[in-house]
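I opened this notebook to record what I looked up in the structure shown below. The entries follow the order in which I consulted it.

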Amino acid sequence: MGSLEGKVAFITGAARGQGRAHALRLAGEGADIIALDICADIDSMDYPNAAPADLDDTVKLVEDLGRRIVARHADVRDADAVDDVVREGVDEFGRLDIVVANAGIVRLTEGSQRRQIFRDIIDVNLVGVWNTVESAIPALIDGGRGGSIVITSSSAGLKATGTGRAGGQAYAAAKRGLVGLMQVWANHLGPHSIRVNTIHPTGVATGMVMNETMAKLFEANDVAVAAMQNVLPIQILQPEDVAGAVAWLVSDEGRFITGTAWPLDAGFAVRA
């Protein structure tokens, strides 16, 4: 039996990257999965989001592990749609124990629609997380078993770098804002034995980073990425690295940990 046998996890951004890695790792530990992903592009961003086929692949991979999964296309900016996915998943599985609020977007290049870029990133990365957790809280409390909420922030949520670009500004603001939300929720939900923490990865090899636009920025040593250096000789994390840490945090072994901002950053935060 895995450490999460019989539990149910709700994961956003689950079609690929970190979200898929979380789904597979938690399923491997025995959890059933409620998965959500927009599976569509956002016009103001400069790279493609996951496609419907990616979410289909996540479903197959979870089922190959012998676990059940409810997977739906939904935009975390749409609170009613998120409510519907949570409701359907809880109706199917009868409980909810874990939330991984992982969906996020970024744009580090210049763009003519500065206001739209800023607003879209804030809406997905900050408002979308609020919608996700807000939808899940009633089921977590009603279960009476406690629970664990993990919010994917970023190394930029602890140590932002200078940029005049709207996307970088919005990304840092949203990811730092998640720390404040986490602390409020940790205090509010602690009496219900519901733990809330943020994680702060450095660069991770996902579709948000491994794309043509980002490759050009790195090739040019653009100012938006030049400061993104880790202390350890690890250029980039794999999604499975982050998923392993999250699996431990949501397990009973992490039952005493709440209200923390956990750097998973190969030393990025302490780099001089």
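Entry 1, terms and source. I take two strands as paired if DSSP finds at least two bridges between them. I take helices (H or I, at least four residues) and strands (E, at least two) as DSSP runs, numbered from the N terminus. The model is predicted, so I note that local features need pLDDT of at least 70, that side-chain atom pairs count only at pLDDT 80 or more, and that totals for chains, interfaces and linings use all residues. Residues are numbered from 1 along each chain as its sequence is written, and side-chain values use heavy atoms, with hydrogens and water left out.

Entry 2, strand β1. I looked up the partners of β1 and found that 5 bridges join it to strand β2 (residues 32-37), in a parallel arrangement. In that pair, F10 stands opposite I34. On strand β4 (residues 98-101), also parallel to β1, I found 3 bridges, with V99 as the bridge partner of F10.

I then asked how many residues of strand β1 are buried. Buried means under 20% relative accessible area, exposed over 50%, and partly exposed in between (1.4 Å probe, protein chains only). For β1 (residues 8-12) the count is 5 of the 5, so the strand is largely enclosed by the rest of the structure. In a regular strand the side chains alternate between the two faces of the sheet. Here V8, F10 and T12 lie on one side, A9 and I11 on the other, and all are buried.

I traced an open sheet of 7 strands in the order β3-β2-β1-β4-β5-β6-β7, with parallel pairing. β3 (69-73) and β7 (261-264) stand at the edges with a single partner strand each, so one side of each has no neighbour in the sheet. Between β2 and β3 I found 5 bridges, and A35 has A71 as its bridge partner in β3.

Which residues of α3 meet α4? I found A79, V82, D83, V86 and V90 in α3 against N131, T132, S135, A136 and A139 in α4, where contact means heavy atoms within 4.5 Å.

Leaving aside neighbours within four places in sequence, G167 is in contact with R107, I117 and I121.
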